[in-house]
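Work through the exercises below with the sequence and the model open. Each task is followed by a solution in steps.

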Amino acid sequence: MLKADFAKYASALKSRQYTQATSYMPDQLFDVYNKEKLVQQMKQTFESADTKVKINAVEITSVDSKIIDGDESYIPFEFRQKFDLQYINLFDATDDEQSRDSTTKFIVDMLNESLPDSTISFDNKQEVFMINNLKKAIAIKSNSTDSWKFLVIEPSLKNVMDRLIPTTVMQKIKL
């Protein structure tokens, strides 16, 4: 059931249905983080005028054991997100090969810093960065519901995570 629900969440992201994607996130998240702001951030990330992002695959790679806390179940898991990133007008006709290589290396370094646990390569012909990113997440299910909700672990949002996830679960994921 977890994998089927996650596939629906991933499908909503791939088809750029951000509001629908938030329906697969825990309601408690929106008590501490504005839902409209999150939808807007998703749009900015995936629909920038300066870049084209194409999500190719989102697949669960490992599932940890279930942790029960009160009337909720938590399952830490990892997933792999494969996507292409293309910067519009990255190069112009006057750029020589050395300039292109330097720009490409700078962007790969920048992406590696902002996307730890990623493999990043560059396709020179298509001028596309291919990113294979490993992410951590937590599946959350209340005893009163049938479907799983998902919270992607972002170290930059640790204070939000601490408010939403019990300490026992946070210790398990080592954030």
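The model is predicted.

**Exercise 1.** Find the salt-bridge partner of aspartate 109 and state how exposed the two residues are.

Solution.
1. Aspartate 109 pairs with lysine 105, and their closest N and O atoms are 2.9 Å apart.
2. Both residues belong to helix H5 (residues 97–114); being four residues apart there, they are separated by about one helical turn.
3. Aspartate 109 has a relative accessible area of 39% and is partly exposed, whereas lysine 105, at 53%, counts as exposed. The cut-off for exposed is over 50%.

**Exercise 2.** Locate the salt bridge between aspartate 162 and lysine 158 and describe its setting.

Solution.
1. The closest N and O atoms of aspartate 162 and lysine 158 lie 3.0 Å apart.
2. Helix H6 (residues 158–164) holds both residues, four residues apart, or about one turn of the helix.
3. Aspartate 162 is partly exposed at 40% relative accessibility, and lysine 158 is partly exposed at 34%.

**Exercise 3.** A search of the whole structure gives six salt bridges. Which parts of the chain does the one between lysine 82 and glutamate 59 link?

Solution.
1. The N to O distance between the side chains of lysine 82 and glutamate 59 is 3.8 Å. The limit for a salt bridge is within 4 Å, so the pair counts.
2. Lysine 82 lies in strand S3 and glutamate 59 in strand S1 (residues 51–63); the two are 23 residues apart, and the pair links distant parts of the chain.
3. Lysine 82 is partly exposed, with a relative accessible area of 31%, and glutamate 59 is partly exposed at 35%.

**Exercise 4.** The structure holds 10 aromatic pairs. Classify the pair of phenylalanine 6 and phenylalanine 77, then follow the rings onward.

Solution.
1. The ring centres of phenylalanine 6 and phenylalanine 77 are 5.2 Å apart with 80 degrees between the planes, an edge-to-face pair.
2. Phenylalanine 6 is in helix H1 (residues 2–14) and phenylalanine 77 in strand S3 (residues 72–87), so the pair ties together parts 71 residues apart in sequence.
3. Phenylalanine 77 also pairs with phenylalanine 79, at 6.3 Å centre to centre and 40 degrees between the planes, which is tilted.
4. Phenylalanine 6 is buried at 2% relative accessible area, phenylalanine 77 at 3% and phenylalanine 79 at 3%.
5. Ring pairs join Phe6, Tyr9, Phe77, Phe79 and Phe150 in a cluster.

**Exercise 5.** Describe how strands S5 and S6 pair.

Solution.
1. S5 (residues 128–142) and S6 (residues 149–152) are antiparallel, with four bridges.
2. Isoleucine 140 has lysine 149 of S6 as its bridge partner.
3. Six residues lie between the two strands, which form a hairpin.

How values were computed. Residues are numbered from 1 along each chain as its sequence is written. This is a predicted model: local features need pLDDT of at least 70, side-chain atom pairs count only at pLDDT 80 or more; totals for chains, interfaces and linings use all residues. Side-chain values use heavy atoms; hydrogens and water are left out. Two strands pair if DSSP finds at least two bridges between them. Rings of Phe, Tyr and Trp (its six-membered ring) pair if their centres lie within 6.5 Å; planes under 30 degrees apart count as stacked, over 60 as edge-to-face and the rest as tilted. Buried means under 20% relative accessible area, exposed over 50%, partly exposed in between (1.4 Å probe, protein chains only).
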